[in-house]
Amino acid sequence: MKDFDFEADKALAKDFLANFADANGDAKYMNILQEVANRKIRSVQIDLEDLFNYKDLDEEFLRRVTENTRRYVGIFADAIDELMPEPTEAFTDDDHDILMTQRSDDGPENMDSSDPNQKMPPEIKRYFEVYIRAPSKGRPFAIREVKASQIGQLVKISGIVTRCSDVKPLMQVAVYTCEECGFEIYQEVTARVFMPLFVCPSKRCYTNQAKGNLILQLRASKFLKFQEAKIQELAEHVPKGHIPRAMTVHFRGELTRKVAPGDVVELSGIFLPIPYVGFRAMRAGLVADTYLEAMSVTHFKKQYEEYELRGDEEEQIARLAADGDIYNKLARSLAPEIFGHEDIKKALLLLLVGAPHRKLKDGMKIRGDLHICLMGDPGVAKSQLLKHIINVAPRGVYTTGKGSSGVGLTAAVQKDPVTNEMVLEGGALVLADMGICAIDEFDKMDESDRTAIHEVMEQQTVSIAKAGITTSLNARTAVLAAANPAWGRYDLRRTPAENINLPPALLSRFDLLWLILDRADMDNDLEMARHVVYVHQNRESPSLGFTPLDPSVLRAYISAARRLSPSIPRDLEEYLASAYSSIRQEEAKSNSPHSYTTVRTLLSILRISAALARLRFSETVAQSDVDEALRLMQMSKFSLYSDDRHKSGLDAISDIYSILRDEAARTHKMDVGYAHALNWISRKGYSEAQLKECLEEYAALNVWQIHPHTFDIRFIDA
């Protein structure tokens, strides 16, 4: 094996950093170094793609950097030391600068140049950190594909972060002062543990045979931010019959605090061995552990708050927002392979958008997240809708009722393997903080486990008093539950309350409880069967009349919409109050009420209206938003209302006529606008076509006159 000439490699690295130009012809790395010199940034990321595209590329050099990355991080850092430009902007001196100035002044008289321990290590002078990024092209490895042959090399892996430690300081250079000779002694620390020096190794102490006592100077030493995380394989990478593997990842410096438990990330880093230390070394014997020294972190799905729109995305969103029919388009882009369920998809879209959280002056909070429960017969694609929503949402956790215990949903107390202390491990609802938690088979959960969800749904916290830990964790989560009715299928002979079979305390917390009944209907069944066969054959949905939006575009649109905080204007207050009171009246008159209306229902209407206003990029809630919120609430029980009408013997046309007549009598008006009429009947689950048929039929009977252009109605006072 030929000897490597690291000096020549340093010259190559220097040449690359000084002369590499990006697509615009700017000296990319020299600009970064200028920023570092001006103390604007700390991290210097060297992209291997740039090295690959460099005009004077040395293929062997690139291979050596990839296969011996740890060494080349140091070589690039040395090259940067030599290339570092002078600062062009003034900045205030911090403690580190003052210490460095003092050292350089005291240096000559206080130093023995031949003593290696007294040479100041270059790390202590550096204000920057060097990271070498793997190319973005190419598939990342699964954790089980990283083998011994990759030790010391730059690898790229993907997985989900399961736990993160706190950020702690890690010593990089220890500085001691000798009590005898007053010299500063430097000790570089490269591992997780180090043996401190106790006796002064300087030439003067050695000559005088004085065993000078060394004092560790923490103020003068150099520390790095350090964080440890556990990353686990993604479910799709695990072969059948195996369980997911995990790997330890070390983050240093500027890469800390970039990940949180539950994030799906792609990491590039150096795969390295690490020997066990302390008692674990005695148990482990010759076995060493491996870890990944992280060099870059990429999130697969960004949080809404972290979403930074690129220029082309902003244009696309502005175009979409200008489209009058965006509400329908966005809703139909959710799971286009699933037939029908248009109103349910609208409700799920609003769940993704959410309403703004309200915090009052005295600290009281009113939640903005929507909670939806889909209750329906088997085979109406509830679970598929849940899975799709979890894919679209930037942070989503999917669990099933039987597979989750109460502590699995909220939080469990466990022993930390490193420190042996009792620590809290967040459950599904805590992991889904600021996201969506989908719970399938909600009805099959044990009653004791289901009570854990009550507090999360209204207060949005998880309070815990276990094993000496009393605390409250945030769980600002939108809950999306799917359940079957009590007897597996909805039994029309029994009351809705018996069928739903969930406690009223839980039902009132859901903003929308959607009943989906599977009825035999010749036309509908034919259409659905054609749709299912088409999807099966072509592996895509039939054309919707427009191109469905990708989940990434949906996420970008929703992130832009979530920045708004719409308010309710004064003139809508009375309208909202009368709408709420009329719902309560209807429920009081009914023998078997379909829903359980409380003040929470009024808050639900406000939340849904605010979410609709956000979708329109509007700062105020309009009456149309409130009408749509009320319509969605009516439609959620639509399958039951249609059944009630069949029982009462009214056909659709007569029922529409009675609705219009009652509303006109209530407002004491002889004229009814077409838009108002459509709004009233759509709340009861009728379509525009049925309204037009009713208008023509009763106009022929001379009950009312219809305006030829606007279709407004005027009753003929008989």
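View 1. E145 is partly exposed, its relative accessible area being 30% (buried means under 20% relative accessible area, exposed over 50%, and partly exposed in between, with a 1.4 Å probe and protein chains only). The model is predicted: local features need pLDDT of at least 70, side-chain atom pairs count only at pLDDT 80 or more, and totals for chains, interfaces and linings use all residues. Residues are numbered from 1 along each chain as its sequence is written, and side-chain values use heavy atoms, with hydrogens and water left out. E145 belongs to the loop between β2 (129–133) and β3 (154–164); helices (H or I, at least four residues) and strands (E, at least two) are DSSP runs, numbered from the N terminus. Leaving aside residues up to four places away in sequence, E145 touches R139 and Q150 (contact means heavy atoms within 4.5 Å). The C-alpha atoms of E145 and I157 are 9.0 Å apart, and the two residues are twelve places apart along the chain.

**View 2. Aromatic rings.** Rings of Phe, Tyr and Trp (its six-membered ring) pair if their centres lie within 6.5 Å; planes under 30 degrees apart count as stacked, over 60 as edge-to-face and the rest as tilted. This rule gives nine aromatic pairs. In the pair of F61 and Y72, the ring centres are 5.9 Å apart and the planes stand at 70°, so the pair is edge-to-face. F61 is in helix α4 (residues 59–67) and Y72 in helix α5 (residues 69–83), so the pair ties together parts eleven residues apart in sequence. F61 and Y72 are both buried. One aromatic cluster is formed by F16, F20, Y29 and Y54.

**View 3. Arginines over the ring of Y127.** A charge sits over a ring if NZ of Lys or CZ of Arg is within 6 Å of the ring centre and within 35 degrees of the ring normal. R39 lies over the face of Y127 at 4.1 Å from the ring centre, and the charged end of R42 is over the ring of Y127 at 4.3 Å from its centre.

View 4. The buried residues of α27 are L691, C694, L695 and Y698. They cover an arc of only 100° around the axis, which puts them on the same side of α27; the arc is that of the directions from the helix axis to the C-beta atoms. A689, E696 and A700 are exposed on the other side of α27. Among the elements covering the buried residues are α25 (652–667) and β23 (704–706). After α27 comes N702, with a positive phi near 65°.
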